[in-house]
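Good morning, colleagues. Please keep the display in view as I speak.

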Amino acid sequence: MKINIRRFNKELSNESTITKYEVNNTNLLKALIEIKEEIDSSLSFRCGCKSGVCGSCAVKVNGVERLACKVFIKDDDLIEPLKNIEVIKDLIVNVSHETLLINKTKSYINKNSNKEIKQENIEKIDLQSNCILCNSCFSSCPVYDAKDSFIGPFALSRALRYVNDEKLESNDEIISSIQTDGIWDCTLCSACTLVCPQGIDPKADIMQLQNISVQKGYTNPNFQNFSFDFNDDFGGGFNPNGF
């Protein structure tokens, strides 16, 4: 079986190339290790736990974000690095943005509420707590094509996790931090939800954050330039007959 891997080495060229390899393993991560150990030692990729827990082996397979350790490949598949992230070499990308975005959203406990935590409170934040920072959602998000300052799916899901955390004395700072370059810039396309290996739904999380923001008095800034005055636009009011 032959697979295609997009290679990149900025020390050699600013352009990427595609190299074809013949492999025996059908599991992608095992195939990458096979190439590294037996065919081409210069191939670079990340892996850690090899069991879908650490998220470090995420790549694109035929344009879709997948964990290499969990996906089985077919003949002539195309393997590429994640999108929207600086490629360091081959399939390795720069993940330094993770800490920057988490800090930007203030998604941590800076002051404990000292409340009694019940099981229902734990269940409310359990799903978002399962994020493994694989960056699949970050790579799949189309908003970055137009706005690279967008906070993004995993950071906003993490924000909801702490907004709903009863241990946090106040979530006002988190809600304030996601108004710009955050929840209102999401197109709600569900691309992030479809590729999450943990079953997290960032789209639903962002919609929850929008609802919470409205309850706290925030408004969608995208509506500020729209006029809903039908008297001005239609000369005396809305006509249901259309004329």
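Of the contacts in the protein chain with a separation of 6 or more, 62% are between residues 24 or more positions apart; contact here means heavy atoms within 4.5 Å. The model is a predicted one, in which local features need pLDDT of at least 70 and side-chain atom pairs count only at pLDDT 80 or more, while totals for chains, interfaces and linings use all residues. Residues are numbered from 1 along each chain as its sequence is written, and side-chain values use heavy atoms, with hydrogens and water left out.

The protein chain has nine helices and seven strands; these are DSSP runs numbered from the N terminus, helices being H or I with at least four residues and strands E with at least two. Its radius of gyration is 22 Å, well over the 18 Å that the globule rule gives for 243 residues, so the chain is more spread out than a compact globule. That radius is taken over C-alpha atoms, and the rule is 2.2 Å times the number of residues to the power 0.38. Along the principal axes, the C-alpha atoms fill a box of roughly 75 × 60 × 35 Å. Of the 243 residues, 42% count as buried; buried means under 20% relative accessible area, exposed over 50%, and partly exposed in between, with a 1.4 Å probe and protein chains only.

Let us turn to helix 2, residues 97-104. Which of its residues are buried? They are His97, Glu98, Leu101 and Ile102. These residues cover an arc of only 130° around the axis, which puts them on the same side of helix 2; the arc is that of the directions from the helix axis to the C-beta atoms. Their cover includes helix 4 (136-140) and helix 5 (153-163). Just after helix 2, Lys106 takes a positive phi of about 55°.

My last topic is Leu43, in the loop between helix 1 (28-39) and strand 3 (58-61). Is Leu43 buried or exposed? With 0% relative accessibility, Leu43 counts as buried. Leaving aside neighbours within four places in sequence, Leu43 is in contact with Ile5, Arg7, Leu32, Ile35, Lys36 and Asp90.
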